[in-house]
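Reader: I am new to this structure. Could you take me through it in questions and answers?

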Amino acid sequence: MYAEVIINSNAKDLNRIFDYIVPNCMENTIKIGARVFVPFGKGSKLADGFVINFKDESEFANKEIAKIEIENSLTEDNIILAKLMARKYFCNISDCIKLMLPPGTSSKEINNRVKEKTGNFVFLNKQVDEIEILIEERKIKRDTHIKVLRFLEKNDGVYISDLETVTEVSKAVFKTLEKNGYIKIVEKQIERNPFVNKKIEKDNPKKLTEEQQKCFDGINFCIQNNEFSKNLIYGITGSGKTEIYMQLIGKILEKEKDAIMLVPEISLTPQMVDRFLARFGDVVAVLHSKLSDGERYDEWQNIASGKKKIVIGARSAIFAPVKNLGIIIIDEEHDMSYKAENTPRYNAKDLAKYIAEKNSCPLVLGSATPDITTMQSAKENEITLYTLKNRANKAKLPIVDIVDMRNELAIGNRSMISFKLQDEINKNLEKKKQTILFLNRRGYSTFIMCRDCGYVAKCKNCNISLTYHMSENKLKCHYCGYERSTIKECPECQSKKVKYFGTGTQKLENEVHKLFPNVSTIRMDLDTVTKKNSHEEILNKFKNENVDILIGTQMIVKGHHFPNVTLVGVVSADNSLNMDDYRAVERTFQTLVQVSGRAGREENGNVIIQTYNPDHYAIIEAQKQDYDLFYNQEISLRKMLKYPPFYDIILISFSGKNLNQIKNISNLVHKRLLSVQNDNMSIYKPVPSPVDKIQNNYRWRIIIKSSKVTSKVLDIINYAINDEKIKKSKEVKITVDINPNTMN
Ligand code: ADP
Ligand code: ZN
Ligand code: ZN
């Protein structure tokens, strides 16, 4: 017997299948998915890999498998899925297998992991009563000291960095407290636990409303009958979707099954996780990008062993090694993050469908503004639709106003904040309420141009204009990270009339301070969110310290709940509207509705949308918060223009340093496509991509519109890009993406 083995390695040339002889002694134990060690290359070195197939004959096999390791093996289902993904997403099987393994499963990494890290832990050095007496007698009186000690009273033995994050007190304070003998700092092994051991109050299921009950009953029926089904819960924010998810998961636990819930990374806030911990306790595993490899490895093992039964995570949590899957939930199902933009370019929603069907369990999608494609499937009865029209906690929807920015200039307002918005901010400040200002561009100015000759400052590696960042006084490329000092004089014509155009969050923050001299502001965008946990810190600070105004990009749209925010200003609704992308309008609408939802969850809230396109249907319907109207308009346009969901868009991209080679190869692929195309495909000529150079790599593309990507279509594309000549020209990288998130 022979085994086909995929080597667990990042090296490009090992990304193939190798044949090995299965020794007789292994014939009974070896399975598809087994992790094996095989002699590889010269000498006695063993490489590790996975068995993906067996066969009776092999031309190439001349070495035997040396060892099988049961731990960290994959299942046959994993291998089937990896093969399917490799074909569907035009990538290597090994790229897909990596997603199904916890990080650090290569032999070298396992050895490293055994050496556990140690860290400093903080313990109280006195009895709780003693501390309280000292506080009462004002022997301990600094607020920061009291804060730390009181936290320790409830959570003794906390990892020092966690303590720092939770109490927002600097490490110097801990040193003082140690010197005074109130606490001791002890070095010990770090027990990797992504949560600070905080006490969370137990929460019980709520009595469902009629709408919620109907939805719950329908999906629970599938759970009880072990039936696959696709469901969409379409319900406005606060309509109680999460409560339904939790009650469904309750049923899953009763049946001793496991649940996977996907959420956008940015929604994985402690607030959200706490709700699940409060309801279900420590059977909840959380997978997010901030976990260290060690933490991720631990969670992976806890899930595989059945210790944790509810997996909450971003996109890649769909591959969590649950034993007995009973439900998959995808919250905010319209979110772009479910589609991977790096190899393998998989769509977690598609995979979820496949995995749920395989496990005979329901798939539940939830959103206030469903993906147009999902809603269309619901209308066609391919997905069961449940609509929640009312807010479960009776909170009101905000009042949304549109300001036509074309009139502002006419009435003498040159600021980017309209008079109306200025007015509302003032009122809000008086009432001591908080405001959020949303602008989907970071930096200060978005491009720099010479007024005399028209020169635009561009990145030296990419064909893209540089953004001015005032805080560092630098020009930056948002594509490759290139930075340079700012320019005062035009490098082409030496004119001094260099102007800064466009506005980003930094400029907005400046302007806010000019207009409202005494307000406190906090800014959240990619520039301020850098350190570990910083995203959390900013939002906590905004909430806990009652900062007047939060200024931010897309990042502020999801996640946290801010009870004191009663005003949201969308500074420019047009930024995303004008993008050359078939989903630009849908995204604008979704974003506007979601940002609006940030205003006045509990009290009456106001939203002001500033725009130069007040008549655009996305803006008008976002004002009315009317998804159904928007859907009807958008779907008829999509149909007319041959866009998804009626047609799939396949983007074949070519990139590399040699422009001539790119032209040649893309023309060759085009020719090959034309030679085998079918009637349902429109194949467009190779052209430069909208951003035609990134990091010194030229970029060209071919677009194909296909009435549906069938197996036949995949074959055609695979044929077209797999030619000897193409394989040999290693300098041109080809990627294929179906319905990509961005078209640039
Ligand atoms: P969504 O996920 O749709 O935004 P949530 O499930 O978070 O909605 O519910 C919004 C708020 O209403 C939460 O505070 C939740 O606890 C509460 N809630 C949800 N369902 C009920 C119910 N049936 N009875 C009372 N309160 C509810
Ligand atoms: Zn010039
Ligand atoms: Zn660049």
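Author: What follows is a set of questions and answers on a predicted model.

Reader: Which atoms coordinate the zinc ion (ligand 2)?

Author: The donors of the zinc ion (ligand 2) follow the spacing C-x2-C-x36-C-x2-C along the chain. They lie at 2.3 to 2.4 Å from the metal. The coordinating atoms are Cys450 (SG), Cys453 (SG), Cys490 (SG) and Cys493 (SG).

Reader: What is the arrangement of the four donor atoms around the zinc ion (ligand 2)?

Author: Four donors count as tetrahedral if all angles lie between 85 and 135 degrees. Around the zinc ion (ligand 2) the angles are 105 to 114 degrees, so the arrangement is tetrahedral.

Reader: Is Cys450 buried or exposed?

Author: Buried means under 20% relative accessible area. Cys453, another donor of this zinc ion, has 41% and is partly exposed. Cys450 has a relative accessibility of 1%, so Cys450 counts as buried.

Reader: Which residues touch the most other members of the largest nonpolar core?

Author: In soluble globular proteins, nonpolar side chains tend to be buried together. The largest nonpolar core here has 86 residues. A second, separate core of 31 residues includes Cys215, Ile223, Met246 and Leu248. In the largest core, the residues that touch the most other members are Met85, Ile97, Phe319, Ile328 and Leu550.

Reader: Which residues is Met85 in contact with, leaving aside its neighbours within four places in sequence?

Author: Met85 belongs to the largest nonpolar core. With those sequence neighbours set aside, the contacts of Met85 are Phe90, Cys91, Cys96, Leu99, Met100, Phe319, Tyr346 and Leu351.

Reader: Which strands stand at the edges of the open sheet of six strands?

Author: The strand order is β16-β26-β25-β17-β24-β23, with parallel pairing. An edge strand has a single partner, so one side of it is left without a neighbour in the sheet. The edge strands are β16 (399–404) and β23 (521–524).

Reader: Which residue in β26 stands opposite Asp404?

Author: β16 pairs with strand β26 (residues 606–611) in the parallel sense, over six bridges. In β26, the residue opposite Asp404 is Thr611.

Reader: What angle does the direction of helix α16 make with that of β23?

Author: Helix α16 (residues 505–515) packs on the sheet and touches β17 (434–438), β23 and β24 (549–552). Among the buried residues of α16 are Leu508 and Val512, and its buried residues pack against strands including β19 (467–469) and β22 (498–501). The angle between the directions of α16 and β23 is about 170 degrees.

Terms used. Residues numbered from 1 in each chain as written. Chains lettered and ligands numbered in written order. Predicted model: local features only at pLDDT ≥ 70, side-chain atom pairs only at ≥ 80, totals over all residues. Heavy atoms only, no water. Donors = N, O, S within 2.8 Å, 3.2 Å for Na, K, Ca; no water. Tetrahedral: all angles 85-135°; square planar, octahedral: opposite > 155°, others 65-115°. Buried < 20%, exposed > 50% of the residue type's maximum accessible area, 1.4 Å probe, protein only. Core = buried A, V, L, I, M, F, W, Y, C linked by side-chain atoms within 4.5 Å. Contact = heavy atoms within 4.5 Å. Pairing = 2+ DSSP bridges. Helix = DSSP H or I, 4+ residues; strand = E, 2+ residues; numbered from the N terminus. Axes fitted to C-alpha atoms, helices over the stretch in contact; angles between N-to-C directions.
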